[in-house]
Amino acid sequence: MDDQRELFLPLQQLSLDNHRFVEDEEKLDEKSWKNNLVEKIKEITGYEFRNPNLLRQAFTHYSYLDGDKTCTASYERLEYMGDAVLSFFMAKEHFMKYPDLPPGQLTKLRAANVDNEKLARVALKYELHKFLRHKKPLLGGQIKEFEEAIVNYPLHSSGLIDAPKALADVVESMVGAIYIDSNSIDTTCKILENLLQPMITPSILHAHPVTMLYEICQKNKVKLETKDLWEETGEIVFVVDGEFVGHGKFRAKRQVAKFRAAYDAYHKILRKLNLGPKHDYD
């Protein structure tokens, strides 16, 4: 009898019941995701959050909130805080560790250790991207492409590959969340000492390919020209003394194409001048 009565429930009532079922399922998924995230971060950092909702915010990309005003805020504010904490940590670390390093080199060293590519590698190493909530259809493919590309550059590519910004963002936002939750720069810095390994050190810090190319051309008094074909073909070409020497292509970003072209040109000039390879990229 109850089953028969259910068949004749008003359409509006059936819709409400179905909506409640979907809501219950979403709440279970949300709770499971949050619990798994909290455990994962505790496993990685050794830190247990007093306010797990900060972590929920730290792993929510702004695209996930489109049309949903009831959801938590995105990670943008925590990312801002994490960026500042990371810069402070690196500045302090390098200042104490390398007392003879001049400010210019300290700045370059800090930049290399907290740039998009370095932090994106941290996100991949600890699989943080698997917890990132977003609605960016292309991000999965970009992450896979980046993961495959870094195999050729175990430590850093110096601009030859493109790192998805969202990967770096989520590391910054997580660091920001740890700092806000702990209210302790010392606690956060202790976590960062392990989290950011392996560090880039002065002995393995490389100049960007464009800088290297301009320096070698200036030193050997050769004329360098650039042909920017990026808008049409995604390519940048370098010409030395009227002769084509370097080519790079990357449609997604002009800067990466330019770095690749400069890297190509630099090594061809080395061979042409019989100088031999002097900069190998890790």
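**A tour of helices and a three-stranded sheet**

Select helix α10, residues 209–219: this helix lies across β1 and β2, and its direction runs at about 145 degrees to β1. The model on screen is a predicted one.

Next, select helix α12, residues 254–272. Helix α12 packs on the sheet and touches β1, β2 and β3. Its direction makes about 145 degrees with that of β3.

Now show the sheet itself. What is the order of its three strands? The order is β1-β2-β3, in an open sheet with antiparallel pairing. Colour β1 (224–229) and β3 (243–249): both stand at the edges, and each has a single partner strand, so one side of each is left without a neighbour in the sheet. From one strand to the next, the twist averages 20 degrees.

Select β2, residues 235–240, together with β3. These two strands pair in the antiparallel sense over six bridges. Within this pair, find V237, which stands opposite H247 in β3.

Move on to helix α9, residues 185–195. Which of its residues are buried? Select T188, C189, I191, L192 and L195: these are buried. Then turn to the face of α9 directed away from the buried side, where the exposed residues K190 and N194 are found.

Last, go to the start of α9 and select S184 and D186. A side-chain oxygen of S184 reaches to within 3.4 Å of the backbone nitrogen of D186.

Notes. Residues are numbered from 1 along each chain as its sequence is written. This is a predicted model: local features need pLDDT of at least 70, side-chain atom pairs count only at pLDDT 80 or more; totals for chains, interfaces and linings use all residues. Side-chain values use heavy atoms; hydrogens and water are left out. Buried means under 20% relative accessible area, exposed over 50%, partly exposed in between (1.4 Å probe, protein chains only). Helices (H or I, at least four residues) and strands (E, at least two) are DSSP runs, numbered from the N terminus. A polar contact is a pair of N or O atoms within 3.5 Å; within protein, one must be able to donate a hydrogen and the other to accept it, and residues adjacent in sequence count only if both atoms are side-chain atoms. Two strands pair if DSSP finds at least two bridges between them. Axes are lines fitted to C-alpha atoms, for helices over the stretch in contact, and angles run from 0 to 180 degrees between N-to-C directions. Contact means heavy atoms within 4.5 Å.
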